[in-house]
Amino acid sequence: MRNSTRPEDRFWLYCDRSDMSGCWIWTGSLNTGGYGQIKQARSNKKILAHRLSYQINRGPIPDGALVLHKCDNTRCVNPDHLFLGTQSDNMLDAMRKGRLKEPPLAAKERMITHCPRGHEYSKENTRIYKGIRYCLRCRNERNALRKNA
């Protein structure tokens with residue numbers, strides 16, 4: 001009988017589920033960032049092991065979504081330690097856990113919920129122009145002052 005070449009079938013050969021932390025440790029190849037990886041036999045393309053684990057155990061990963069680690073262990077492939085998110089979610093998670101000294105500008109800006117004058121950056125009260133967020137209430141107040149001057 002021929003050995004399976006599908007990564008889904010080979011996945012379990014490289015998955016050590018005996019770690020006391022609950023992490024399932026990837027014992028196969030690692031990329032330069034320390035994440036587990038496994039090759040697709042025909043294309044030689046590498047798949048990240050934690051993404052493969054999510055697909056096997058949870059289902060498809062939507063386009064553009066990242067698979068993030070709750071445990072922060074790059075070698076962990078336990079689906080209970082994985083969740084879907086965006087790049088922004090990943091940066092915010094890293095910042096909250098102290099892995100980033102300074103948040104990226106977009107994430108930092110999202111953490112600011114009110115303009116300097118105290119108005120909420122709500123969907124109705126915010127305009128983004130050339131990548132910069134503006135408070136519409138402040139703009140309207142400035143325009144009113146100009147008209148009355």
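Read along the sequence, this protein chain runs α-β-β-β-β-α-β-β-α-α-β-β-α. That comes to 5 helices and 8 strands. Please keep in mind that what you see is a predicted model.

Overall form. The C-alpha trace spans about 85 × 35 × 25 Å along its principal axes. The radius of gyration of the chain is 23 Å, whereas a compact globule of 149 residues would have one near 15 Å. Of the 149 residues in the chain, 32% are buried. The chain exposes about 10,600 Å², and carbon and sulfur atoms supply 51% of that area. As for contacts, take those between residues at least 6 apart in sequence: 32% of them join residues at least 24 apart.

Where does cysteine 23 lie? It sits in the loop between strand 1, residues 15–16, and strand 2, residues 25–26. Is cysteine 23 buried or exposed? Its relative accessibility is 5%, and the limit for buried is under 20%, so cysteine 23 counts as buried.

Which residues does cysteine 23 touch, if we leave out those up to four places away in sequence? They are Asp16, Cys71, Asn73, Cys76 and His81. There is also a C-alpha separation to mention here. Cysteine 23 and asparagine 78 are 55 residues apart along the chain, yet their C-alpha atoms are separated by 5.7 Å.

Now the largest pocket. About 260 Å³ of space lies in it. Its lining consists of 15 residues, and those nearest the centre of the pocket are Tyr35, Val67, Leu68, His69 and Asn90. Which elements each supply at least two residues of the lining? Helix 2, residues 49–57, does, and so do strand 5, residues 66–69, and helix 3, residues 87–96. Strand 5 gives the largest share of the lining, with 4 residues. Sorted by class, the lining of the largest pocket has 5 nonpolar, 6 polar and 4 charged residues.

Cysteine 23 is in a loop between strand 1 and strand 2, and it counts as buried. The largest pocket is lined by 15 residues, with the largest share coming from strand 5.

Note on methods
Residues are numbered from 1 along each chain as its sequence is written. This is a predicted model: local features need pLDDT of at least 70, side-chain atom pairs count only at pLDDT 80 or more; totals for chains, interfaces and linings use all residues. Side-chain values use heavy atoms; hydrogens and water are left out. On a 1 Å grid over the protein atoms alone, a cavity is a set of points where a 1.4 Å probe fits but cannot get out, and a pocket is an open set with protein on both sides within 12 Å along at least five of seven lines; lining residues have an atom within 4 Å of a point. Grid points are joined across faces, edges and corners, and a volume is the space filled by probe spheres set on the points. Ala, Val, Leu, Ile, Met, Phe, Trp, Tyr, Cys and Pro count as nonpolar, Asp, Glu, Lys and Arg as charged, and the others, Gly among them, as polar. Buried means under 20% relative accessible area, exposed over 50%, partly exposed in between (1.4 Å probe, protein chains only). Contact means heavy atoms within 4.5 Å. The radius of gyration is taken over C-alpha atoms; the globule rule is 2.2 Å times the number of residues to the power 0.38. Accessible areas come from the Shrake-Rupley method with a 1.4 Å probe; for residues, only the protein chains shown count as cover.
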